[in-house]
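Here is a short report for a reader meeting this protein chain for the first time. Please keep the sequence and the model open while reading.

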Amino acid sequence: MKNALEAIAAKYKDKPGSAIPVLQEMQKAEGYISRESLRYISERTGIPAAELWGIATFYSMFHLETRGRHVIRVCKGTACHVSGADNLASAIRTHLGLTGEAITTDDELFTLEEVACLGCCSLAPVMMIDDTVYGKLTPHKAISIIDKYITAENT
Ligand code: FES
């Protein structure tokens, strides 16, 4: 991964105003922006670490923690909320063994996020896994869908 960071650093060295593209490329290369990589890039490009960090923490498109191979988004919008989204999210958390503030499984297979309306309220409650929408869910249905991803990973 160092090679990817070296290439990014070389591309943006001494180029003012390039913090956002630098961060985008870092995230593309590593899946998220680690503090270690941020320091490395800062030292080699001359972009202050505080500037990179400030932007990375301000924009929700940047992820500061490791991400799972699959991202599960459980909708917590109004229609989904009244249709049982809370139960859905907590059943998924339990099934994935997520505790406390953790949103990514230890094996880095899944990241679970709770998001606002996904735009398909008639299917409430809804979750997305990567780019696929699943609607009219019960906790049981959601878990069996997730289990299919686990099975696919293990075959
Ligand atoms: S509220 Fe969940 S899709 Fe709109």
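## A tour of the chain

Asp-130 is partly exposed, because its relative accessible area is 25%, and partly exposed residues fall between the buried limit of under 20% and the exposed limit of over 50%. Asp-130 sits in the loop that links strand 3 to strand 4 (132–134). Its backbone is worth a look. Asp-130 is not a glycine, yet its phi is positive, at about 55°. Keep in mind that this is a predicted model.

Another residue shows a positive phi. Lys-136, a residue other than glycine, has a phi near 50°. Lys-136 belongs to the loop between strand 4 and helix 7 (139–154).

Now step back along the sequence. The loop between strand 2 (110–115) and strand 3 (127–129) holds Pro-125. The peptide bond joining Ala-124 and Pro-125 is cis, with omega at about -5°.

| Site | Angle |
|---|---|
| Ala-124 and Pro-125 | omega, about -5° |
| Asp-130 | phi, about 55° |
| Lys-136 | phi, near 50° |

### The whole chain

How many helices and strands does the protein chain have? The secondary structure comes to seven helices and four strands. Read from the N terminus, the order of elements is α-α-α-α-β-α-α-β-β-β-α.

The domain assignment gives domain 1 (2–58) and domain 2 (70–154). The C-alpha centres of domain 1 and domain 2 are 31 Å apart. Along its principal axes, the C-alpha trace of the chain spans about 55 × 35 × 25 Å.

The protein chain has 155 residues, and 41% of them are buried.

### Helix 1 against helix 3

Helix 1 (residues 2–12) and helix 3 (residues 35–45) have axes that come within 9 Å and cross at roughly 35°. The crossing of helix 1 past helix 3 is right-handed. Which residues make the contact? Helix 1 supplies Lys-2, Leu-5, Glu-6, Ile-8, Ala-9 and Tyr-12. Helix 3 supplies Ser-37, Tyr-40, Ile-41, Arg-44 and Thr-45. By type, the residues of this contact are six nonpolar, two polar and three charged.

Helix 3 also holds Arg-39. Is Arg-39 buried, partly exposed or exposed? Arg-39 has a relative accessible area of 49%, so it counts as partly exposed. The exposed class starts over 50%. In sequence, Arg-39 and Leu-52 are 13 residues apart. In space, their C-alpha atoms are 9.1 Å apart.

### The cysteines

How many disulfides does the model contain? The count comes to zero. Cys-120 is in no disulfide, and its nearest cysteine sulfur, that of Cys-121, is 7.0 Å away. A disulfide needs a pair of cysteine sulfur atoms within 2.5 Å, so Cys-120 and Cys-121 do not make a disulfide at 7.0 Å.

Are Cys-80 and Cys-120 buried or exposed? Cys-80 is buried, because its relative accessible area is 3%. Cys-120 has a relative accessibility of 17%, so it counts as buried. The limit behind both calls is under 20%.

Terms used. Residues numbered from 1 in each chain as written. Predicted model: local features only at pLDDT ≥ 70, side-chain atom pairs only at ≥ 80, totals over all residues. Heavy atoms only, no water. Buried < 20%, exposed > 50% of the residue type's maximum accessible area, 1.4 Å probe, protein only. Axes fitted to C-alpha atoms, helices over the stretch in contact; angles between N-to-C directions. Helix = DSSP H or I, 4+ residues; strand = E, 2+ residues; numbered from the N terminus. Left-handed = near helix turned anticlockwise from the far one by under 90°. Contact = heavy atoms within 4.5 Å. Nonpolar A, V, L, I, M, F, W, Y, C, P; charged D, E, K, R; others polar. Domains from an automatic or database assignment.
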